[in-house]
Amino acid sequence: MAQQRATSVCLALLVAASFCLADTVHLKNGKSLEGEVIREDDEGVTLRLPYGEIKLRKSEVEAVERQTPTEYRISLGKRMLAAERFEQAVRAFEEALIGDRRSVEAKRMLANTYWLQAKKYRELNRFVEARSALEKLQKLDPKAEHVRHTAGELLQDLNAKEQVVDGYIAAARELANKNDISRALQAYEKILTLTPDARATVGPEMADCHIKRAASYMQSGQLLNAAGDFEAALRLNPKLADQIERLYCSCVLPNILNNLAGGDLGSAQTDLKRALEVAPNNKNVLYVAGRLEEALGKIPAACDAYARALGTRVANPTPAYLSELRKRLETEINAKGDRLNIDTSMAEMQGYAASSSGEAKQLETENFTIYHYNEALAREAGTRMEADRLRILNETGLRPWQGKTRVFLHRTQAEYTARTGLPEWTGGVTRATKPSGSEHLQQKDIHSWQTSPRLLSSTLPHEITHVIVNENALDLNVFPRCINEGIAVAMEPKYHKDYYMNFLRIRLKSQDFIPLTELIAAKDYPRDPDFFYAESYALIEYLISLKGIKETTAVVKNCTSLARTYSELLRLTGAGNLEELETKWRDWIIAGGK
């Protein structure tokens with residue numbers, strides 16, 4: 001999560017259309033443009049649109065038609081309703097009614113939208129949203145025709161459907177309790193096809209089933225099958241990452257070493273790719289990566305892997321230096337030949353729960369100052385953050401920041417939220433300040449807490465990416481939040497990216513989507529932050545699939561206005577306009593990113 005601030009105040013054009021007062025400019029060529037007239041004089045008309053400002057010469061303008069705020073919001077709501085964009089229609093009509101409590105039309109249209117929204121969501125088995133719309137309708141106008149005649153019947157129907165789903169959930173849980181894991185997982189999968197609302201409940205339960213089956217596979221020596229179940233668990237519940245990382249490594253790494261010993265380098269590369277996607281900074285994974293690079297005769301790459309595990313930089317990558325690095329790492333991780341001594345306990349983060357009293361202590365690394373209450377955690381975080389920083393800089397091609405970034409590892413989540421003022425759903429935050437006209441960041445702070453889920457595996461890489469992106473962005477006031485978050489998620493492990501893509505596909509099946517113009521213009525996180533993160537990442541991943549990561553991340557330096565951002569997206573994708581881009585992007589998501 002990124003919070004961007006600047007020491008100078010500038011006018012940002014990041015305002016979605018549904019929040020603007022709109023006027024209509026009729027052109028002499030027969031066309032018209034709708035937006036906000038911010039200037040009209042003898043030279044012409046300046047119109048603010050969702051994607052920027054446009055200046056029209058007086059000779060081009062036939063007439064200017066102005067609307068009151070209420071008229072515009074009602075008009076906008078009707079357009080959104082016709083397109084079945086219910087959330088946007090509700091917001092427009094609600095704002096119209098707030099602006100004019102006496103508006104009969106605003107109240108009537110809002111009531112009608114709640115009703116149509118409830119019916120549509122019921123058809124899509126989105127029970128939570130359907131119930132919410134009906135309850136709002138009953139509160140808005142208890143005497144409305146919809147309420148008097150059929151709202152109660154619709155609520156009864158929802159209750160019946162929810163009871164069916166609850167029955168399926170109970171049956172799946174019973175199978176899981178009996179350790180009939182394969183059938184339990186099949187039952188859970190069926191629930192997800194019934195309603196996307198169940199994902200928040202059954203996702204973690206499915207992850208637990210995969211972990212149980214992985215444990216069974218481990219006992220019978222089927223280590224790669226166990227690794228597959230651990231990966232499936234992480235795609236369903238990424239919060240488990242720090243807990244099961246060592247268990248996962250103990251399953252996937254021995255097979256890689258066996259393939260190395262047998263000369264099957266192709267299979268070793270395939271399995272190592274899996275391991276690096278799950279635990280890119282794990283010392284045992286990096287050790288095995290170095291061993292594979294050695295076997296391939298790539299001495300510089302092998303040195304880099306060993307050095308990353310040791311938290312150091314590569315000096316002169318000679319065979320003698322390589323041997324020295326390998327011995328140091330083998331001593332540190334207690335590796336002997338083709339045998340790894342991996343601690344397979346699950347509760348890794350519990351060891352980081354203990355905290356010292358008094359003021360926070362400081363640990364200095366080359367690029368970070370870590371304020372902490374747990375020395376072991378601080379040292380592990382420091383090593384991983386330095387490795388993450390180098391990896392992210394290499395992958396993105398962006399410029400490194402100057403000076404040190406401060407990292408605050410608070411004792412508890414309550415301490416973190418009290419210090420940052422952020423909601424509990426946030427796992428971490430980056431706060432950056434760049435003075436107007438300055439090339440470099442002035443303030444660079446990262447906040448999280450000791451036992452934050454995914455702290456070492458995802459949260460810290462995510463926040464480090466924000467610092468790097470903010471360093472390269474020219475104006476933090478106008479830099480799109482979705483691009484910032486999308487690149488940050490792209491630098492996280494694959495299982496978390498898969499989690500977001502699966503989430504997004506489920507939402508698309510229920511016809512739920514943040515329109516591209518609103519996604520790019522968003523300055524705040526929506527009610528459902530996972531939705532925003534998922535779409536932001538999917539947009540960046542789509543660009544990467546077309547142009548590669550370095551050309552995609554290069555847009556950071558060019559997003560100096562909303563209009564320029566749109567231009568950059570169209571340039572990268574080759575789309576003729578935003579509507580075409582959104583269509584192609586959605587099709588790509590639904591097709592599984594192909």
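Let me start with helix α2, residues 86-99: it has 14 residues and reaches 20 Å from its first C-alpha to its last, close to the 20 Å expected at 1.5 Å a residue. That expected span is 1.5 Å times one less than the number of residues. Helices here are DSSP runs of H or I with at least four residues, strands are runs of E with at least two, and both are numbered from the N terminus.

Some ground rules. This is a predicted model, so local features need pLDDT of at least 70 and side-chain atom pairs count only at pLDDT 80 or more, while totals for chains, interfaces and linings use all residues. Residues are numbered from 1 along each chain as its sequence is written, and side-chain values use heavy atoms, with hydrogens and water left out.

Back to α2. Its buried residues include Phe86, Val90, Phe93 and Leu97; buried means under 20% relative accessible area, exposed over 50%, partly exposed in between, with a 1.4 Å probe and protein chains only. Among the elements covering them are α1 (69-82), α3 (104-123), α4 (127-140) and α19 (516-521).

Next, the core. A nonpolar core is a set of buried Ala, Val, Leu, Ile, Met, Phe, Trp, Tyr and Cys residues joined through side-chain atoms within 4.5 Å. The largest one has 76 residues, and those touching the most other members are Ile370, Met385, Ile464, Leu516, Leu519, Trp585 and Ile589. Helix α20, residues 529-547, gives the most to this core, with 11 residues. Leaving aside neighbours within four places in sequence, Trp585 is in contact with residues including Phe513, Leu516, Leu519 and Tyr542, where contact means heavy atoms within 4.5 Å.

Where does Arg384 lie? Arg384 is in helix α14, residues 375-396, and is buried at a relative accessible area of 6%. Its side chain makes a polar contact with the side chain of Glu380, at 2.8 Å. A polar contact is a pair of N or O atoms within 3.5 Å; within protein, one must be able to donate a hydrogen and the other to accept it, and residues adjacent in sequence count only if both atoms are side-chain atoms.

On cysteines: a search of the whole structure finds zero disulfides, a disulfide being a pair of cysteine sulfur atoms within 2.5 Å. For Cys251, the nearest cysteine sulfur is that of Cys249, 9.2 Å away.

Finally, the overall picture: the protein chain has 23 helices and 11 strands, and 51% of its 594 residues count as buried.
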